[in-house]
Amino acid sequence: MIGAGRIVCFGELLLRLSPPGRELLFQGGTLDANFGGAEANVAIGLSRLGHRTAMVSAVPAHAVGQGAVDHVRRHGVDASGIARTPGRLGLYFLTPGASLRASSIVYDRAGSSFAEADASLFDWPTLLDGAAMLHLSGITPALGQRSADMAIAAARAARAAGIAISFDGNYRPSLWQAWNGDARAILSELVGMADILFGNHRDVALLLDKPFDGDGPDRRRIAAEAAFEAFPSLKLIASTARHVVDADHHRLAARVDLRDRAHQTDEVAVTGIVDRIGGGDAFASGVLHGLIATGDPAEAARAGLALAALKHSLPGDASLFGTADIDAFWDGGLDVRR
């Protein structure tokens with residue numbers, strides 16, 4: 001499903017600002033800064049697992065933009081495909097949840113270098129040379145028509161070159177509503193070109209304009225089968241099921257659906273949560289790693305679940321864990337490793 005070569009990730013690099021500890025936004029007058037972005041998180045996660053990855057994006061030609069570039073390079077990601085253009089770096093403000101208070105995010109991305117970039121900025125035949133896969137997400141087209149055109153151009157170039165496409169639904173209603181974008185039509189075009197979809201029954205419901213119930217494996221299978229019927233290019237759908245007890249206690253299970261079968265893990269308890277942001281990107285990194293390393297969808301589900309759970313223990317957007325951490329997660333035992 002995934003050949004030999006680099007995994008190219010295309011999307012916006014962001015600066016994340018959040019209060020220290022579990023304060024409310026601006027409660028104490030200080031903010032911690034971290035770089036992030038869904039596609040960059042996947043590139044970093046896969047790089048830390050030993051895979052060759054490259055990031056394609058656009059950042060402002062000043063020190064803040066360079067900081068974002070340095071962030072991905074620091075973790076072994078090829079940043080040569082990141083363009084420098086006029087503008088600003090997109091921001092998001094995170095208020096971490098605590099107890100029965102949910103986390104919340106405010107986006108400030110309008111007019112960013114990436115959102116204002118033109119599809120002609122990216123020479124996809126060159127950027128995809130030697131690539132095994134292109135990874136995209138639904139966040140890029142949610143930013144506006146320009147960004148939607150960029151994502152579609154990238155996917156079309158990958159399809160024309162016979163390169164597999166991984167697509168994470170990542171539906172962000174507030175971004176789509178800001179420009180009244182037709183999420184169903186645009187996302188359907190992109191999913192129609194994808195080989196792998198990261199998404200659950202809610203994503204399928206949006207794409208097909210039909211309700212699906214995610215309560216139980218059998219009902220999730222119904223949604224997956226509907227997606228496979230609607231999108232003939234899809235070969236695999238990966239998803240998680242999350243039950244939130246409170247901000248410090250979630251339960252996670254992972255699932256991989258193929259056209260003829262499915263694999264679902266048992267649920268694991270995730271407690272003492274430090275930072276849940278980026279958990280879905282860690283899951284995607286783990287699943288793609290499992291598919292590349294073993295070709296076994298069941299092992300891919302386990303690797304995705306392990307990285308998603310481990311990401312909850314780590315501040316910042318990206319998973320920084322290696323293969324030994326996945327093995328240790330499933331081996332169990334939480335005493336100090338010496």
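A polar contact is taken here as a pair of N or O atoms within 3.5 Å; within protein, one atom must be able to donate a hydrogen and the other to accept it, and residues adjacent in sequence count only if both atoms are side-chain atoms. The structure is a predicted model, in which local features need pLDDT of at least 70 and side-chain atom pairs count only at pLDDT 80 or more, while totals for chains, interfaces and linings use all residues. Residues are numbered from 1 along each chain as its sequence is written, and side-chain values use heavy atoms, with hydrogens and water left out.

By the polar contact criterion, the side chain of Arg220 is paired with the side chain of Gln264 at 3.5 Å. Arg220 belongs to helix 9 (residues 217–230); helices (H or I, at least four residues) and strands (E, at least two) are DSSP runs, numbered from the N terminus. Arg220 is buried but has no salt bridge, and the nearest side chain of opposite charge, that of Asp215, is 6.2 Å away. Buried denotes under 20% relative accessible area, exposed over 50%, and partly exposed the range in between (1.4 Å probe, protein chains only). A salt bridge requires a side-chain nitrogen of Lys or Arg within 4 Å of a carboxyl oxygen of Asp or Glu. For charge, Lys and Arg count as positive and Asp and Glu as negative; His and the chain ends are not counted. With neighbours within four places in sequence set aside, Arg220 is in contact (heavy atoms within 4.5 Å) with Asp213, Gly214, Ala241, Arg255 and Gln264.

The secondary structure of the protein consists of 12 helices and 14 strands. The radius of gyration is 19 Å, close to the 20 Å that the globule rule gives for 338 residues, so the protein is as compact as a globular protein of that length. This radius is taken over C-alpha atoms, and the rule is 2.2 Å times the number of residues to the power 0.38. Of the 338 residues, 56% are buried. Among contacts between residues at least 6 apart in sequence, 68% join residues at least 24 apart.

Leu134, in strand 8 (residues 131–137), has a relative accessible area of 0% and is therefore buried. Its C-alpha atom is separated by 5.9 Å from that of Cys9, 125 residues away along the chain. In one of them, the closest N and O atoms of Arg16 and Asp275 are 2.5 Å apart. This pair links distant parts of the chain, 259 residues apart: Arg16 lies in strand 2 (residues 14–18) and Asp275 in the loop between strand 14 (268–271) and helix 10 (279–294). Arg16 is buried at 4% relative accessibility, and Asp275 is buried at 7%.

Asp209 forms a salt bridge with Arg184, with the closest N and O atoms 3.3 Å apart. Asp209 is in the loop between helix 8 (201–208) and helix 9, and Arg184 is in helix 7 (residues 183–191), so the pair ties together parts 25 residues apart in sequence. Asp209 is exposed, with 54% relative accessibility, whereas Arg184 is partly exposed, with 32%. A network of salt bridges links Arg221, Glu225, Arg255 and Asp257.
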